[in-house]
Every structure is written in C-alpha cells, then in structure tokens.
Amino acid sequence: MNSSQDTIYAQPADQIADFQFDSRVAGVFGDMIRRSVPGYAQIIATIGDFAHRSVKPGTRVYDLGCSLGAATLSVRRQIEGRDCEIIAVDYSESMVKRCQENLSAYVSDTKVDLIQGDIRDIKIENASMVILNFTLQFLPPEDRILLLQRIFNGLKKGGILVLSEKLRFEDQAIQELLDAQHLDFKRANGYSELEISQKRSALENVMKPDSMQTHETRLTDIGFSHFSTWFQCFNFASMVAIK
C-alpha cells in the first residue's frame, strides 16, 4: 500500500478548503494516516485478529469507509477458507480505485465486494463483523445513531462492531493535554507548524468527534450487550461492541 509523501498542506494558502477524500488525499493517504494517527498499524493488525476470533463461516464482514483497504486486507488474511464475503464501501471514487489496486495485489479465496457509495445507503445483513475505522466522525452527528442502529440490526447475535475514532473530552484540561501530545506526535513525524495549522482548518467543518461517553451510551442504548475501549493513544481510540 505504497503512497507518496503527504505535502498537501506544506505551502501557504490564501483560503483553506474543507478537507475532502479526493485524488490528492488518496495518493498520499497511507503516509498521511501513518504520520497523523498514533497506533494506526496496531489498530489495523488487531482488527484482523478480532476477525479471526469472531467471524463465523458463511457470514459477511462490512468495512464501512474502507479508504485504501487496510482493514479489509487485514481481515481477509485472517478468515481464509470460511466462505465469507467482505463488503467494503467508500464514498470516494479515488479511494475505491486505489483500494481495488491494493486488493488485486494479493490472491485470496475470500470475496471482496468493493462498492463506491454512501455507507448510509448500504443494507447490512448476515454480518458477524462491522468495521467503522475512523469513519463515523465524518458523518453529520444527526446521522450517526441511525447508521449504528442499522449496523446493530444487521449483526448476528455475538457479532462485533469495531469503532475507531478521534475523541473529544468533556474535561477541558484533559482535552488540552492530549491534544498537545497529538500535535507533538505530528511534529515528530515531520509535519511543520504550517501543515498542522492548515490541515486543522480544513478538518474543522468536516470532522466532528464525539466523547467516549457518547460512544458508550449510544451503543448500549441501541442494544449492544458488551462495550469496551481496547486501544487508546492520546485522543485516538478504538472500541469494540458485541451484540
């Protein structure tokens, strides 16, 4: 999953457009997410491990907001020979095109149905696993519970949802501390102050993080029997919920 170096925000711009998953972002996304999201490689590997434990023969896995296909590939490696199907969905034509190239680079007996479309329009059924890997935060807040309810309804008993998100904190002191740690993480990975500032402006109207309390309350209210955070580094976390 090679990509070019992310220099999208390296030059000063008079106006910062809202962030989009366009061809420019798709071309550098692997580098962008590695340098921006602490623990991303661990999250991807563990999603595969969860699939190995939880995906039942003859069922489906949904990767909603699949981007370049990292989670789909991680799952596919772990569920060979189970007669399962992975439904991978992304809204961005550029992401889907690059995802298809990444999937085609490896041979597998597990079918992947790669769809360019809106995850809110995807019918979810016979699922033993659903993945929302840094995806829910880009939906309008009012649409999130509706999608999660549809995921719950489409999961089989014992099926799991893996939800990875950037977090917002109710405690302002914690918010400031962990936000500062994340900025240091980006600086350590070579991003300049200009890049950090301009990307933050681009994301301001596009990505609206929830608090951990919001995630837990929403999922338990929907009906998930079990919920836990299994990974957190600074203001990024991955959670698992079991039906």
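The legends below describe close-up views of a predicted model. Residues are numbered from 1 along each chain as its sequence is written, and side-chain values use heavy atoms, with hydrogens and water left out. Because the model is predicted, local features need pLDDT of at least 70 and side-chain atom pairs count only at pLDDT 80 or more, while totals for chains, interfaces and linings use all residues.

**View 1. The largest nonpolar core has 40 residues.** A nonpolar core is a set of buried Ala, Val, Leu, Ile, Met, Phe, Trp, Tyr and Cys residues joined through side-chain atoms within 4.5 Å. Buried means under 20% relative accessible area, exposed means over 50%, and partly exposed lies in between (1.4 Å probe, protein chains only). Met32, Ile47, Val61, Val75, Ile79 and Met129 touch the most other members of this core. Two or more residues come from each of α1 (23–36), α2 (40–54), α3 (70–78), β4 (127–133), β5 (155–166), α7 (193–203) and β7 (236–242). These labels are DSSP runs numbered from the N terminus: helices are H or I with at least four residues, and strands are E with at least two. Apart from this core lies another, of 30 residues, including Ile87, Leu148, Met212 and Ala237.

**View 2. Ile47 is shown with its contacts.** Contact means heavy atoms within 4.5 Å. With neighbours within four places in sequence left aside, Ile47 is in contact with Ala71, Ser74, Val75, Met129, Ile131, Asn133 and Val162.

**View 3. Helix α3 is largely enclosed by the rest of the structure, since seven of its nine residues are buried.** The buried residues are Ala70, Ala71, Thr72, Leu73, Ser74, Val75 and Arg76. They pack against α2, β1 (60–64), β2 (85–90), α4, β3 (111–116) and β4.

**View 4. Helix α1 packs with helix α4 (residues 93–104).** Two packed helices are described by the angle between their axes and the distance between the axes. Here the angle is about 40 degrees and the axes are 8 Å apart. Axes are lines fitted to C-alpha atoms, for helices over the stretch in contact, and angles run from 0 to 180 degrees between N-to-C directions. Angles under 35 degrees count as roughly parallel, over 145 as roughly antiparallel, 65 to 115 as roughly perpendicular and the rest as oblique. α1 and α4 are therefore oblique to each other. Their crossing is right-handed; a crossing is right-handed if the near helix is turned clockwise from the far one by less than a right angle, and left-handed if anticlockwise. Ser23, Val25, Ala26, Gly27 and Phe29 of α1 make the contact with Ser94, Met95 and Arg98 of α4. By class, four of these residues are nonpolar, three polar and one charged. Ala, Val, Leu, Ile, Met, Phe, Trp, Tyr, Cys and Pro count as nonpolar, Asp, Glu, Lys and Arg as charged, and the others, Gly among them, as polar.

**View 5. Helix α1 also crosses helix α6 (residues 172–188).** The axes come within 8 Å and cross at roughly 130 degrees, and α1 and α6 are therefore oblique to each other. Arg34, Arg35 and Ser36 in α1 meet His182, Phe185 and Lys186 in α6. This contact has one nonpolar, two polar and three charged residues.

**View 6. Helices α5 (141–154) and α8 (residues 212–222) cross at roughly 45 degrees.** Their axes come within 10 Å, and the crossing is right-handed. From α5 the contact takes Arg144, Ile145, Leu148, Gln149 and Phe152, and from α8 it takes Arg218, Leu219 and Ile222. Five of these residues are nonpolar, one is polar and two are charged.

**View 7. Phe227 sits in strand β6 (residues 226–233).** Phe227 counts as buried, at 18% relative accessibility. Not counting residues up to four places away in sequence, Phe227 touches Met212, Glu216, Leu219, Thr220, Met239, Val240 and Ala241.

**View 8. Asn235 lies in the loop between β6 and β7.** Asn235 has 0% relative accessibility and counts as buried. Beyond its neighbours within four places in sequence, Asn235 is in contact with Glu165, Lys166, Leu167, Phe169, Leu178, Asp179 and His182.

View 9. Most residues other than glycine have a negative phi. Asn126 is in the loop between β3 and β4 and counts as partly exposed, at 33% relative accessibility. Phe134 is in the loop between β4 and α5 and is buried, with a relative accessible area of 9%.
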